[in-house]
Amino acid sequence: MAILPIRTFGDPVLRMKTKPVDEIDDAVRSLVKDMIETMYAAPGVGLAANQVGVSRRIAVFDAQDGLGARVMINPEIVETSGQFVYDEGCLSIPNRYWEIERPAFARVVALDLDGNEVEYAGDGLMGRVLQHEVAHLEGGLLIDELPKRVRKAVLRELRDENLGLK
Ligand code: NI
């Protein structure tokens, strides 16, 4: 097991749509173990494979519901409902939080490490982490959900920081 370096805002891998997994082999199992270790070490409640530089449709999360770390391979959101504003952060944009509005409830269908279909559903942190991680796998970031004007200002700030202008 290994703690992997987490890619941060500005790294193009975060903006690429990830490729589905067609075979759950030892490489996938090993990657998932490392992702779980990396998520807990960060510490965070979710991590997508492209955040560690691997453009595959895999994410891990721990919704802090006592069930521990869980894996989503090829996840798809099949249902959302409601609305919910949550103070949301991301390991790829460290130490920044924004009030982000998303649906409150989400249901995701995915495969587990044995290739069995699994379903994860909930509101609160569960609903939020499911949507946040699936968005990563589509090349999305939480700041995409901000109102346009706020998003523009935030993007400018983040780009300036990346360029070392601040
Ligand atoms: Ni994130």
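A contact here means heavy atoms within 4.5 Å. By that rule, residues 24 or more positions apart account for 64% of the contacts in the chain with a separation of 6 or more. The model is predicted. Its chain holds 3 helices and 7 strands. The radius of gyration is 15 Å, close to the 15 Å that the globule rule gives for 166 residues, so the chain is as compact as a globular protein of that length.

**Overall build**

- From the N terminus on, the order of elements is α-β-β-β-β-β-β-β-α-α.
- Along the principal axes, the C-alpha atoms fill a box of roughly 45 × 35 × 25 Å.
- Of the 166 residues, 44% count as buried.

**Surface and charge**

- The chain carries 20 positive and 27 negative side chains. The centres of these two sets lie 9 Å apart.

**Helix H2**

- Helix H2 covers residues 124-137, which makes 14 residues.
- From first C-alpha to last, H2 reaches 21 Å. That is close to the 20 Å expected at 1.5 Å a residue.
- Buried means under 20% relative accessible area. In H2, 12 of the 14 residues are buried, so the helix is largely enclosed by the rest of the structure.
- Among the buried residues of H2 are Met 126, Val 129, Leu 130, Val 134 and Leu 137. Arg 128, Glu 133, His 132 and His 136 are also on the buried list.
- Gly 139 follows H2 and has a positive phi, near 90 degrees.

**Backbone points to check in the view**

- Most residues other than glycine have a negative phi, and most peptide bonds are trans.
- The bond joining Ala 42 and Pro 43 is a cis peptide bond, with omega about -5 degrees. Pro 43 sits in the loop between helix H1 (26-41) and strand S1 (46-48).
- Gln 64 is a residue other than glycine with a positive phi, near 55 degrees. Its place is the loop between strand S2 (58-61) and strand S3 (70-81).
- Exposed means over 50% relative accessible area. Gln 64 has 61% relative accessibility, so Gln 64 counts as exposed.
- Asn 74, also a residue other than glycine, has a positive phi near 50 degrees. Asn 74 lies in strand S3.

Definitions and conventions:
Residues are numbered from 1 along each chain as its sequence is written. This is a predicted model: local features need pLDDT of at least 70, side-chain atom pairs count only at pLDDT 80 or more; totals for chains, interfaces and linings use all residues. Side-chain values use heavy atoms; hydrogens and water are left out. Helices (H or I, at least four residues) and strands (E, at least two) are DSSP runs, numbered from the N terminus. The radius of gyration is taken over C-alpha atoms; the globule rule is 2.2 Å times the number of residues to the power 0.38. Buried means under 20% relative accessible area, exposed over 50%, partly exposed in between (1.4 Å probe, protein chains only). Lys and Arg count as positive and Asp and Glu as negative; His and the chain ends are not counted. The place of a charge is taken as NZ of Lys, CZ of Arg, CG of Asp or CD of Glu. The expected span of a helix is 1.5 Å times one less than its number of residues.
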